[in-house]
Structures are given as structure tokens and as C-alpha cells.
Amino acid sequence: MDIVVCVKQVMDADTPPSGFRIDARANDVVSTSGLPPVINGFDEQAVEAALRLKEAHGGTITVLTLGKDLALDVIRKPLSMGADELVVVWDAAFEGGDSYSTAHGLAAAIRKIGTYDLILCGRQASDGDAGQVGPGIAELLGMPCVTFAKSITATDATVRIERAIPDRYEVVEAPMPCVITVSNELGAARYPTLRGVMAARRKQPVTWNAEALGIDPSTVGAAGARTKVLRLFLPERGGECELVAGDTPEQAGKRLAMKLREAKVI
Amino acid sequence: MNDGRGVMVFGEVSESITYELLGIGRSLAAALGEPLSCVVLGSGIRDQARELIAFGADTVSVVDDPLLKDYQADAYVTVMHRLCQEQRPNILLLGQTIAGRDLAPRLAFRLHTGVATDCSELAIDPTSRLLLQTRACYGGNVRATVVCPDARPQMATVRAKTMAALARDDSRTGDVIDLDAGIDASCLRTRIVDESRETATGVRLEDARVVVAGGRGMGGADAFKQLDTLATVLKGAVGASRAACDAGYAPASAQIGLTGKVVAPTLYVAVAISGASQHMTGCSRSKVIVAINKDPAANIFKEARYGVVADYREVLPAFTEMCRELLE
Ligand SMILES: Cc1cc2nc3c(=O)[nH]c(=O)nc-3n(C[C@H](O)[C@H](O)[C@H](O)COP(=O)(O)OP(=O)(O)OC[C@H]3O[C@@H](n4cnc5c(N)ncnc54)[C@H](O)[C@@H]3O)c2cc1C
Ligand SMILES: Nc1ncnc2c1ncn2[C@@H]1O[C@H](COP(=O)(O)O)[C@@H](O)[C@H]1O
């Protein structure tokens, strides 16, 4: 079973607002925290899902990422977890892309990879929080797509996906090849082993530019984008918090209740 | 390609966001001087169509077909794609619901247009007449205003409880149009093989006037039961952070936030929750937020109206007891 997992390098989602700034001219968020970038959390879990399937069925896992100035140590992490290949796609033509044109670039790379039974993505990337690229790739490649997987099992030519939907239990069967987006309910991704880290260091990523993909430059980057960001800004923060204290924590608890009563909240 | 006209709402019969979409759709349509339509897909749903007119739609297209009983991407994308090609809306609004999150990107790509997901502010730019779509990114730490300059429809999914529904007005008139789905089972490549609905007990989290939510700092599923007690006293529902759900302290259906539920109660009590932006996304519209956390530097105190800095284990029983007394 051959699986392609799309992973994106992002700013650590735990970066506090004091750890980044907005570059208004480039309409971009720039990290100032010194924290290293990470692989989007859901994408790590997509790698985990792929590894579980590989353990059960064999095959290869190709990790695919599109981006510039990537930290090699960071994007190699899936290799150190047990993935087989790493493909890095970048070209100046991809600059300024949105979800729409990014999916075009990734779909072209998947076509070039050629053999795959499954494409796994995260449910959304923690920078843009868009949740579009997975379903987008499915549309572009004419494949079915199942979103928000919390477990994936495979038999012959079909996959069974338990979906993470609040208040419901839903199991879906899809033919292969198909796209599946993975949610955190899948469970934590495994840690790389020391041996994995050593092996990953010896592997060089395959790099492809627009020409290698044979892609029409007008479909990628800013040229292919359908949406345009007019403005990036910081949200207004809430007002003052009134801290309620007491001689003992119990008393503070009681006072809190009385405060809420006075304010007619309860 | 600027040939779209009208604002179209993708309605979901069981979701209250549909009324919120009609509310904002009405004001966008008014700003443009264009009509507001609503499309509902499903099986046995025709009776609900009139109601959508009472809540603001000029016309309602009903596509009633057994194949549309459950949301399934292949069927819904096919029908909506055809409908958009026939009706050529300028703007298409969907809810940021389970169905909307799945359908919107699929449909946008098939229509070769863009979509801004999870918008919490929508307006028409008076000069360009484009839809200004404002949404959170970076988990809520940053906001972006986005436009779709050329392709049509301009598509957005809308976060629950960010738009006001209109008051129901049964004197409003409008047309209900029945449309054929025009699909057969062969369009469905995926198949739902098992499903069940959790039977909710007590107040629905999304509708509760009081929500008592716990985080990872609760320390265990047993400790979470104390929140049930408080919720019972306050006639509210229990929510949780993702970390608490991931740890198995609370069911996934209790998750509040970016990838969970959106609530906007009168009172939100956050116990042992750090207040990460992705969590606050789901509760920041609460009228009053109360935080109990032992870490005075926790972000939740930046968002809360009232707070107690202490170990919840020492505060919560007394707080619960006092609430009970006051409410008797
Ligand atoms: C893309 C993305 C989407 C996400 N979506 C969501 C979402 O929908 N919902 C969500 O909630 N999160 C979401 N998250 C996760 C979010 O970033 C946080 O990791 C999560 O909300 C943290 O949960 P928490 O506050 O319970 O845990 P922690 O951050 O571990 O905080 C625990 C808190 O409990 C306090 N505490 C510990 N013990 C006690 C005690 N005895 N008494 C009092 N206080 C105590 C601590 O001081 C701390 O503040 C998402 C993350 C990403 C990247
Ligand atoms: N630049 C990228 N490179 C590789 N995968 C990506 C990229 N952007 C998005 N993805 C994949 O698509 C998912 C959804 O991303 P998004 O639509 O940006 O929220 C991510 O979780 C990744 O799996």
C-alpha cells in the first residue's frame, strides 16, 4: 500500500502573540520567538496514520511538502518516524499562493509521484486554519475524499474511515485511491527513534520545481490564487479581569459566586 | 467572469446557523441590491422551506431526494455544483458546520473559485462591491480580511454565533421551488456503512445559557464529574478543552474551540483551562467568562471577566455550594 502524506511546516501553534509580528507590507506573520518551526500537528498525525497502515499492509510512505526556506531537520521528522521518502516542492512561481493554488502545486507533485493508494492530509494547517487543501487535491485529481478521520483501516481496494464528528458516530467506506484528512482524535503521533533519526539524516529529499512538475505557472502561486488577503491584523483583546480573592481558596470560591449573583450573571 | 448575481445560502435544516446565514445574507443582499436565495438539500425536508422565507429568503430551492438524506460529499457537491452553474450566484454562504467544512472546499475547487472558511465578519466593500471576508487564522491570534476578486461565486463559510438571525416574520412572502437532484446512486463513491447519533442528555451544549468547561488541569475523568455537579446547579452543560478530550477526561462531543463547538452562553466557567487562542475561538463570545486557574499568568485571565487564582480543587466545591445556596 503506497501512501503520500502532505505535511506543512508551520510556526509552532503554541507561539504566544508576543512571539510574532505582522509584516503589513508582505501581509505575512513573522515569528520572533526563536522557537523552531514545526510540522503542522494534524500532519504529524497523518504520518502516524500512514505508519499504522504500513505496519499492517506494507508499502511505502512518501512525504510531500511545498514551501520555501524549510528547516531540513523539521521536515525530515516524518522520515525519522519511519516514512520512506521526502519530496520537497518549491519554485519562485509558487510565491504568494493561497489554498487554491497550493493544492494545484501539490496535486501536480502527486501526479508525478504516480503510484499511490492513499493521499493523507491534516484536517487543517495551524497557520492559515483553512482546511481546504486536502479536499482540493481530491477535486483536482478526481478522487473521493473523506474528512476528519479518527481511524483508518484498509482491506484490498477499500478503506474504512471512522470520522471524528461531534455527537455522531460515522464510518465511511471509500475506494482507493482516495484522499483522507486526519483529525487529532486519531491519537498522538509516535516519537522518532534514535535509529530513525540517524537513518533520516542519510536521506536526501527529492526536490522538484515548477518545470520538473510540468505545471503551468499561471495555475500556481499568486497567479493561480483565487483569493487575496487585503489586510492581516491582530484581534482586539478582552477587557480587565477582576481577580476575586479571599483568606482561603474556599472563601474566594464563595465570593466568586456572590459576585456573579450581584452582577446578575447567575 | 463577474457575472454572478444574488446571495445564495446553503441551508441545513437541523442547524441553527442557517438562520444566522440568512440574517447576514439579507444585509449583504441589501447592500448589493440583489436577491437572497436559500438552497436546502435533504430527504423529506420540504415542509421546512416556508420557514426559511420567514427568516429572510426571497426564494427557497428545495432539492428533496432520498440520496440526499445524509450529507455525503459526492452527492452534495454534484447537486450544488449544478445549481451554482444554473443560478450563478454572486455570493454563496455556508455554515462552518461538519457538512460545510467538507462541502465548501470541494465545491469551490469544482467551481474554480476561492472560499474563505470560518468567517466571523462579512461586509460589502462600497467601492469595489466585493465581499470582504474577515476570518481568524493562527488559531485566533491573527485576523485576515480576504477577497475573491475575479472568480464567482465569492464563497465563505461562517462561524456559528457570529451573525445575528432576523426575527421570524411569517408575513414575508417568497417562492419555494422544487428542483430535481438529477443524480443517481452511481455518483456516490463513498458509502456510510455505520452511523449513530449520540442521544444528548440534558441541555445541548451549543444552546446552554451556562457552560462549565474543564481543561487538562482537571487531571482526570473522575475530577470532571465535579463539573457535572456545578453544571446541574447552574442548569448548564459541560464543555471541555481539546487537551481534556484528547486525554479522555471528557467525550470529544464536549470539545469547544476552533475544531470543536462554538458556544456563546451568558456565563462560561473555565476551570483549569489555559485559554489557548484555539480554545477561546469557541467561547470568546460568551457574555461573561469566569476562570479558575492556579497559574496567574494563564492566558485565560486576559479573556475572563472574573477570576480566581487557585487550585480548582480548593475553590470549586465552595463555589458550587455557594451557587446552590444563592439559587435556592
Ligand atoms: C489547529 C489547532 C486546533 C485546535 N483546536 C482546539 C479546539 O478546538 N479546542 C481546544 O480547546 N483546543 C484546541 N487546540 C489546542 C490548544 O492549542 C491548546 O493546546 C488546548 O486548548 C489546551 O488545553 P488546556 O487549556 O486544557 O490544557 P493546558 O494548556 O495544559 O492547560 C491546563 C491549565 O490548567 C491549569 N491547572 C493545572 N492544574 C490545575 C489545578 N489543580 N487547578 C487550577 N488550574 C490548574 C494550568 O495552570 C493550565 O493553565 C488546537 C490546537 C491547534 C494547533
Ligand atoms: N504547503 C503545503 N505542503 C504540504 N502540504 C500542505 C501544504 N499546505 C497544506 N497542506 C496539507 O493540507 C492540509 C490542510 O491545509 P490547509 O488547507 O492549508 O488548512 C494540511 O494539514 C496539509 O496536510
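**Contacts and ring pairs**

Modeller: Please keep in mind that this is a predicted model. A polar side-chain atom of B:Asn293 lies 2.7 Å from an oxygen atom of ligand 1.

Colleague: What makes the B:Asn293 pair a polar contact?

Modeller: The cut-off for a pair of N or O atoms is 3.5 Å, and the B:Asn293 pair stands at 2.7 Å, so the pair counts as a polar contact. The backbone of B:Gly260 also places an N or O atom 3.4 Å from a ligand 1 oxygen.

Colleague: Why is the site around ligand 1 called shared?

Modeller: The residues surrounding ligand 1 come from chains A and B, so the site is shared between chains.

Colleague: Why is the pair of A:Trp90 and A:Phe94 called tilted?

Modeller: Planes under 30 degrees apart would be stacked and planes over 60 edge-to-face. The planes of A:Trp90 and A:Phe94 meet at 45°, with ring centres 6.0 Å apart, so the pair is tilted.

Colleague: How do you know whether A:Phe94 is buried or exposed?

Modeller: Buried means under 20% relative accessible area. A:Phe94 has 5% and therefore counts as buried, whereas A:Trp90, at 25%, is partly exposed.

Colleague: What makes B:Arg305 a charge over a ring?

Modeller: The distance limit to the ring centre is 6 Å, and the charge must also lie within 35 degrees of the ring normal. The charged end of B:Arg305 is 4.7 Å from the centre of the B:Tyr306 ring and sits over that ring.

Conventions: Residues numbered from 1 in each chain as written. Chains lettered and ligands numbered in written order. Predicted model: local features only at pLDDT ≥ 70, side-chain atom pairs only at ≥ 80, totals over all residues. Heavy atoms only, no water. Near = heavy atom within 4 Å. Polar contact = N/O pair within 3.5 Å; in protein donor to acceptor, adjacent residues only side chain to side chain. Phe/Tyr/Trp six-rings, centres within 6.5 Å; stacked < 30°, edge-to-face > 60°. Buried < 20%, exposed > 50% of the residue type's maximum accessible area, 1.4 Å probe, protein only.
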